[in-house]
Amino acid sequence: MIDVRDLTKVFATPHGDWLKAVDRVSFTVAPGEVFGLLGPNGAGKTTTLRMLLGLIRPTSGSATVAGFAAERDPAEVKRRVGLVSANTGVYPWLTARETLAYFADLYAVPPALARQRIAEFADAFGLGDFLDRRCGVLSTGQKQRLNLARALIHAPTALLLDEPTLGLDILGRRIVEEFLELVQARQLAVVLCTHHLEEAERLCHRFGLLNRGRIVRQGALEQLRAETGLHSLHAMFLDLVGARRQLPVTSLKSAAPPAPLT
Ligand SMILES: Nc1ncnc2c1ncn2[C@@H]1O[C@H](COP(=O)(O)OP(=O)(O)OP(=O)(O)O)[C@@H](O)[C@H]1O
């Protein structure tokens with residue numbers, strides 16, 4: 001169970017003023033539930049996840065995982081949380097198998113149990129073809145499969161997914177979808193941050209729509225549809241940020257045409 005209450009983070013800016021990156025955000029995620037934390041760039045999604053993991057301290061409010069507060073018991077929280085992010089790196093000189101064994105060891109998983117889980121994940125995530133190849137030579141999709149398996153190596157009860165499908169082709173995205181089915185069957189509480197809104201509609205049970213650090217709408221898709229009168233998350237999003245042009249038309253029109261090639 002994930003429980004976030006009035007979570008707030010204020011950063012000092014280089015100009016000497018303050019930025020409220022996360023502003024009294026509250027939500028809960030039950031075991032087996034996928035909660036979509038969605039918002040435009042800079043809305044505060046990653047900052048929320050970092051506070052949930054105990055990587056940065058909240059200015060106020062609380063975030064707990066399985067009853068452990070991220071601020072007070074960060075080690076207990078990390079033991080119970082798996083993280084997959086778009087920019088999770090790999091150690092290029094370790095093989096996929098060594099990577100999983102290394103992270104199992106970091107989480108103090110007994111070696112025999114780690115070997116058992118690696119064999120299980122090799123099967124579940126189709127790692128068999130490249131389990132003994134160095135990570136440096138793996139494709140983006142293969143690295144992501146490895147990172148998905150890595151996130152489960154310590155049998156967490158909660159998962160934080162920050163843009164897990166960024167840069168993946170349709171097959172890679174399908175693997176992430178299957179991964180989510182698997183973790184739901186295992187009753188993990190999942191927070192998913194993604195800019196792929198159609199994907200979010202398919203995969204999440206409930207949503208928090210975040211803008212400028214605040215959750216402006218929260219609920220299941222049907223509930224959000226009823227509240228907004230809009231059918232898709234895409235339309236709700238445009239409504240949320242104000243569907244104005246993002247680039248000034250005049251500057252585009254007045255730009256000089258490129259010089260002809262001679
Ligand atoms: N360490 C920091 N110091 C100062 N400002 C920060 C820091 N981390 C994040 N911010 C600011 O907080 C705001 C929220 O950032 P955050 O990364 O949480 O957004 P996001 O919703 O994850 O965006 P994106 O979708 O682009 O990844 C942004 O304005 C960002 O510049």
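**The sheet and the ligand**

User: What order do the six strands of the open sheet have?
Analyst: The order is 6-7-8-3-9-10, and the pairing is mixed. Keep in mind that this is a predicted model.

User: Which strands stand at the edges?
Analyst: Strand 6 (81-85) and strand 10 (214-219). Each has a single partner strand, so one side of each is left without a neighbour in the sheet.

User: And how much are neighbouring strands turned against each other?
Analyst: By 15° on average, with direction ignored.

User: Back to strand 6. In which sense does strand 6 pair with strand 7, parallel or antiparallel?
Analyst: Parallel, over five bridges, with strand 7 covering residues 158-162. One detail there: Val84 has Leu161 in strand 7 as its bridge partner.

User: Which strands does helix 5 touch?
Analyst: Helix 5 (residues 140-152) packs on the sheet and touches strand 6 and strand 7. The direction of helix 5 makes about 165° with that of strand 6.

User: What about helix 9, where does that lie?
Analyst: Helix 9 (residues 233-241) lies across strand 3 (34-38), strand 9 (206-211) and strand 10. Helix 9 runs at about 25° to strand 9.

User: New topic. Which residues surround the ligand?
Analyst: Phe11, Leu19, Ala21, Gly39, Asn41, Gly42, Ala43, Gly44, Lys45, Thr46 and Thr47.

User: Which element gives the largest share of that shell?
Analyst: Helix 1, with three residues. Helix 1 spans 45-52, and strand 2 (18-29) also supplies at least two residues.

User: How many of the shell residues are nonpolar, polar or charged?
Analyst: Four are nonpolar, six are polar and one is charged.

Technical notes
Residues are numbered from 1 along each chain as its sequence is written. This is a predicted model: local features need pLDDT of at least 70, side-chain atom pairs count only at pLDDT 80 or more; totals for chains, interfaces and linings use all residues. Two strands pair if DSSP finds at least two bridges between them. Helices (H or I, at least four residues) and strands (E, at least two) are DSSP runs, numbered from the N terminus. Axes are lines fitted to C-alpha atoms, for helices over the stretch in contact, and angles run from 0 to 180 degrees between N-to-C directions. Two residues are in contact if their C-beta atoms, placed from the backbone, lie within 7 Å. A residue is near a molecule or strand if its C-beta atom, placed from the backbone, lies within 6 Å of it. Ala, Val, Leu, Ile, Met, Phe, Trp, Tyr, Cys and Pro count as nonpolar, Asp, Glu, Lys and Arg as charged, and the others, Gly among them, as polar.
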